2 protein chains.
Amino acid sequence: MNWEIIGYIGAACTTFCFIPQIIKTVKTKKIDDISWIYLGILAFGILMWTVYGFAIRNNVLISANIITLAFVLIIIWTKVYYDKKH
Amino acid sequence: MNWEIIGYIGAACTTFCFIPQIIKTVKTKKIDDISWIYLGILAFGILMWTVYGFAIRNNVLISANIITLAFVLIIIWTKVYYDKKH
């Protein structure tokens with residue numbers, strides 16, 4: 001069995017899982033229940049993974065984490081935007 | 001510079017970031033705004049990362065992902081518990 005495929009499926013899931021969260025937030029216009037501290041530590045952690053990816057020149061780490069970071073930054077932006085509205 | 005440390009900091013952040021989310025949920029007793037689809041895909045993705053970790057015998061991948069999966073399962077449990085209450 002080619003185990004690399006399992007790794008790629010894992011990477012795809014932990015990267016693109018944020019899309020349904022973004023869709024839900026935009027639909028309901030509510031995101032109070034998500035913790036700021038969670039989002040902050042998560043974004044910082046993904047940034048560290050990206051730096052590590054560049055350091056060891058691993059393209060899978062770099063690309064997966066840059067995309068994930070972009071999604072998490074969108075979630076942070078929706079939280080800034082929708083939390084201000086109520 | 002020892003870049004491994006940056007990788008470990010990233011792993012620690014993306015693992016333990018779920019603790020403040022769990023604390024917030026238990027305090028506010030509300031978790032409606034977190035998407036079920038997000039949690040489902042995230043948990044499945046982390047499980048795949050864990051399987052991949054076992055396949056390539058990488059202890060960092062295995063341990064980080066088992067702990068993260070435990071936290072995400074706790075969040076799923078809090079969502080089952082608190083969503084039912086309103």
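Tutor: One term before we start. Helices here are DSSP runs of H or I, at least four residues, numbered from the N terminus. Also, this is a predicted model.

Student: OK. Where do B:Lys79 and B:Asp83 lie?
Tutor: Both are in helix 4 of chain B, 4 residues apart, about one turn of the helix.

Student: Is B:Lys79 buried or exposed?
Tutor: Buried, because its relative accessibility is 2% and the cut-off for buried is under 20%. B:Asp83 is partly exposed, at 23%.

Student: Step back a bit. What pattern does chain A follow?
Tutor: Along the sequence it reads α-α-α-α. That is 4 helices and 0 strands. The C-alpha trace of chain A spans about 50 × 30 × 15 Å along its principal axes. Of the 86 residues in chain A, 47% are buried.

Student: How many salt bridges cross between chain A and chain B?
Tutor: The rule finds 2. One joins B:Lys30 to A:Asp33, with the closest N and O atoms 3.5 Å apart. Another joins B:Asp33 to A:Lys30, also with 3.5 Å between the closest N and O atoms. B:Asp33 sits in the loop between helix 2 and helix 3 of chain B, and A:Lys30 in the loop between helix 2 and helix 3 of chain A.

Student: And B:Asp33, buried or exposed?
Tutor: Buried, with a relative accessible area of 5%. A:Lys30, A:Asp32 and B:Asp33 are linked in a network of salt bridges.

Student: What else does B:Lys30 pair with?
Tutor: B:Lys30 forms a salt bridge with B:Asp32, the closest N and O atoms being 3.4 Å apart. B:Lys30 is partly exposed at 30%, and B:Asp32 is partly exposed at 25%. Over all chains the count is 6 salt bridges.

Student: What about polar contacts between chain A and chain B?
Tutor: There are 19 residue pairs in polar contact between them.

Student: Switching to cores. Which residues touch the most other members of the largest nonpolar core?
Tutor: A:Phe18, A:Tyr38, B:Phe18 and B:Tyr38, out of 32 residues. Helix 2, helix 3 and helix 4 of each chain give two or more residues to this core. Contacts of A:Phe18 include A:Tyr38, A:Phe71 and B:Tyr38. A second, separate core has 6 residues, among them A:Ala11 and B:Trp49.

Student: Last one: where is A:Thr78, and what does it touch?
Tutor: A:Thr78 is in helix 4 of chain A. Leaving out residues up to four places away in sequence, A:Thr78 touches A:Thr25, A:Ile31 and A:Asp83. A polar atom of its side chain lies 2.7 Å from the backbone oxygen of A:Ile75. A:Thr78 counts as buried, at 2% relative accessibility.

How values were computed:
Residues numbered from 1 in each chain as written. Chains lettered and ligands numbered in written order. Predicted model: local features only at pLDDT ≥ 70, side-chain atom pairs only at ≥ 80, totals over all residues. Heavy atoms only, no water. Salt bridge = Lys/Arg side-chain N within 4 Å of Asp/Glu carboxyl O. Polar contact = N/O pair within 3.5 Å; in protein donor to acceptor, adjacent residues only side chain to side chain. Core = buried A, V, L, I, M, F, W, Y, C linked by side-chain atoms within 4.5 Å. Buried < 20%, exposed > 50% of the residue type's maximum accessible area, 1.4 Å probe, protein only. Contact = heavy atoms within 4.5 Å.
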